[in-house]
Structures are given as structure tokens and as C-alpha cells.
Amino acid sequence: MAYFPFFIDIENKKGLIVGGGRIAAHKAEKVKPFGVKITIIAPDIMDKLKQDPAFMCEERPFVPEDIEGCAFVIAATDDRGLNHRISALCQEKGILVNVVDDKDYCGFLFPSLVKEGKLTAGISTAGASPQIAAELRSRMARELPNQMEEILDYLESIREPAKKMIADDRIRARFLKETAQICMDENRVPDEEETRRRIRDYCQSAEQTGLGKIVSTGMVTLVGAGCGAYDLITLRGLNAIRRAEVLVYDDLIDARLLDHASESCEKIYVGKRIGVHSREQEEINAILIEHAKKGKRVVRLKGGDPFVFGRGSEEMEALKAKEIPVTEVPGITSAIAVPAAAGIPVTHRGKSRSFHVVTAHTKGTADSLPEGLKELVAVEGTLVFLMGMHQLSKLAGRLMEYGKSPETPAAVVQGNFDGKTVSVRGTLFDIAEKVKESGMQSPAVIVIGETAEMEL
């Protein structure tokens, strides 16, 4: 079966619960806040239900005529045969029916509900695991602001004033979206003076053209997605994704992050890897500029940290040259996090008092190896190389040629979106061969130095 989560108005509608025990009471409490007219029928009904004025209780056996005029029926007796008969009667008449703990006879399922004022969220696993649905409900409830009801009442109240004062549909939609985000982030309701000021600011920040069309300058936020599993992103970065109108994203992004963008958000893939370019950097810059000039809130989502070999600074320079507002949200870089996930610290007292992060692929050099390797060999500390899997053998050979001991501990670590890592350990002399034998693919982080032999 495929259950679609329709939201149906049941206020003042007639509902029937057949059964008068604990399970019936549980179902009755679920629908009670929605203003439905509930009748409960059973030979024996618990006192808790009979004493509640919200329910009409009739202590007698069920008869088929009881379902007439009902919007829905819940069969919650301990008699499976009776429950199945009720289900058949309802299905014949096109009445929605729920048979407790017997989903094959259900026309609808009860979700785990979160209800705060006008907010109603239902979670269902199609009967596979009510426990999972309940756990997700608890997590969602914990995340809600404690003023949720007041926030929704406020947001509803400002829609009409915003419509009168902000003529452009797109600018008004942005105002309502950002106001909602403020309420959620700060767990508060702006007062009347602040609301009027913000509406006025939106009107003033837009430029009125001769055609009467409002055009405003957008903005770009460069967001570091972190590395590996999606939950390594910062809270600030996640909030930026949620507010994005356009999301421009790279390779090496956990796809679950994209689910946090709004349904109306335009998603543009611009993945780039060594040797396989989906978009040239100049084209990516042009995409960011184009959408920002349309007045959009653009998020550039990049793996790791935008300013650690991510060309984030190049994109920021291109945007600033066009006078487009741009900010950067740092991300957890793979240079530190991926080795750490494999138990390798980049610094450790007595082993390494510094670390150096180097790109192992440099355009413009004779063999594409980074410049300054000879100087790095002479420096104590951990060497961390990114983007170097395709020339690991050449890199190790050059370091040994410049005087690095062949016995220097070395490791290559690959981080995955599930939070797990795969690592190969050895020495500078044999690490390339070991990695080749393992079949490990890029991307991976290369660690060379005394800490590479650690496994915390």
C-alpha cells in the first residue's frame, strides 16, 4: 500500500470509535484537539472516556447503522472478527477506516503527531515501525520553539499588511520567509514597531524601475558543508541552506544536505574534480553573479571549507568585483577531520607540534607537484596533502629524494558519507604500493609524519 499524508478538515465532522478500552482512549485523545464530534460505542467503556465531555459514549454493542454519516471510523476492539467486519462495512460505503494494529484492513493510518497551535506534523512509517515514528516525533518536538503557537498566529496576522505594503510578489515572499526564519531562530515574535520597520526596509531596499517592476540586489553565501557525513556541517551553514532560493553545489556533498533546502529552491549542480570538470570556474562565477543580480538569495555549497583549496576566495573576489554582497560560512576541513575520524591527530605533544596542509596538485609546475616540497621536508611536524591520490607514488618519491626518511610513518584515509573511514597505513617508502593494492579510490587525505602511525 502507498499512504499519502493528506491533511483533511475534520472539525465538526462525525467520527466513530468502536471500543472502549485503553487503545480506544489513546486514539480518541489524538483526534480530540481537532474539534471532531466523536461517538464511542462499546459494551464497556472506561470511566476516563465517559467522564470527558468531548466524547459521546454509548455502552452497547456495535450495529452496522452506527457508521452512517461518519467521516471516519476507528475499530479498536479486542475482537479481530468484529474489527474486520467494521472495515468491510466502511470500505463498501467509502468511509475512511482505521483498524488498530491491523494495517491490511486500514484505509488510513494514524501518524505520530506533533501539534502546536496551527502546526500539525504527522510522521508515518506505513506501519513498518511505530517506534521509529514516535522517536522522530520526539526529536521534532524538541526542535520546536516554545512559542510555536504565538509564532504561527503572528505570521498569519502579517500576511495581509505585507500584501498591501509590498507590491512585488517575490519581494513579499522573501520578507515572509525571512520573518518566519527570525521567529524560528530566535524563538520570539517581533513587536508591531519592528514589523513595520522591516516591511519599510524591504520597500526601501528595492529599486523602483520605470516599468514598475521591483528589482533588488541579491546576495551570495559561501557555505562549507564539512567533509563526509552531512551532520558535520555547522548550524549556521545549515540555516543558510534552509533560506536559499538558489543552491549551487559541488561534488563531495552528502545528498541529505540538499533535503534541507526549501521545495521552491532552485538546485544547480556544478561538480568539479581533477580531470573531470562539470563546469569551469569562470562559468560557476557567472552562475552566482547571474542569480544574485536577479535578487536571489544564493548559497554556494562546497565540500570541506570554502577557503581551503576550495576556490572560495576566487568566487568571493568575482562577486565583490560586481558589488554583490557575499559572506562565508566556514566548514570542517577534511585535512583535519578525515584523519581524526581514523584516529590520527595532526598534532600530538612529543610527536608533532605543527601541521602543514598542502595541495598535492598544482597547475603551472613542471610535474604538477606542489612547490616548496624541499622546504617542507626540513620542517618538523605533520604534512597533510589533499587532492594527491593520482600521484601519491611521485609525491612520496620526491619527499624521499629531498631527504625525508623512507621509514617516516604515512597513512592515506578516505572518509565516507556514513561517517566511517577506510585507511591504509605504512611508511613513506611503501605507502603508494599499499594503497594501490588496497584498491582505494580518490578522494582521500594523505598524512605523513609521526602521528600517522597513531590509531586513537
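Reply: Before the first question, one cut-off is needed: a residue counts as buried when its relative accessible area is under 20%. The model is predicted.

Me: Is D250 buried or exposed?

Reply: In the unreviewed UniProt entry, D250 is listed with K272 under "active site", and D250 lies in the loop between β11 (246-249) and β12 (266-269). Since buried means under 20% relative accessible area, the 14% computed for D250 makes this residue buried.

Me: With which side chain does the side chain of D250 make a polar contact?

Reply: Leaving aside residues up to four places away in sequence, D250 touches Y269, V270, G271, R300, L301 and K302. At a distance of 3.0 Å, the side chain of D250 makes a polar contact with the side chain of R300.

Me: Which residues of strand β4 are buried on each side?

Reply: In a regular strand, side chains alternate between the two faces of the sheet. In β4, residues 72-75, both faces are covered, with F72 and I74 buried on one side and, on the other, V73 and A75.

Me: Which residue in β5 stands opposite F72?

Reply: Strand β1 (residues 14-18) runs parallel to β4 and is joined to it by four bridges, with V18 opposite A75. β4 also pairs with β5 (residues 96-99) in the parallel sense, over four bridges, and the residue in β5 opposite F72 is L96.

Me: What handedness has the β-α-β unit that β4 and β5 make with helix α3?

Reply: Strands β4 and β5 pair in the parallel sense. Together with helix α3, residues 80-92, they make a β-α-β unit that is right-handed.

Methods
Residues are numbered from 1 along each chain as its sequence is written. This is a predicted model: local features need pLDDT of at least 70, side-chain atom pairs count only at pLDDT 80 or more; totals for chains, interfaces and linings use all residues. Side-chain values use heavy atoms; hydrogens and water are left out. UniProt positions are given in the numbering used here, feature names are shortened, and annotations may be inferred rather than shown by experiment. Helices (H or I, at least four residues) and strands (E, at least two) are DSSP runs, numbered from the N terminus. Buried means under 20% relative accessible area, exposed over 50%, partly exposed in between (1.4 Å probe, protein chains only). Contact means heavy atoms within 4.5 Å. A polar contact is a pair of N or O atoms within 3.5 Å; within protein, one must be able to donate a hydrogen and the other to accept it, and residues adjacent in sequence count only if both atoms are side-chain atoms. Two strands pair if DSSP finds at least two bridges between them. A crossover is right-handed if, with the strands pointing away from the viewer, the path from the first strand over the helix to the second runs clockwise.
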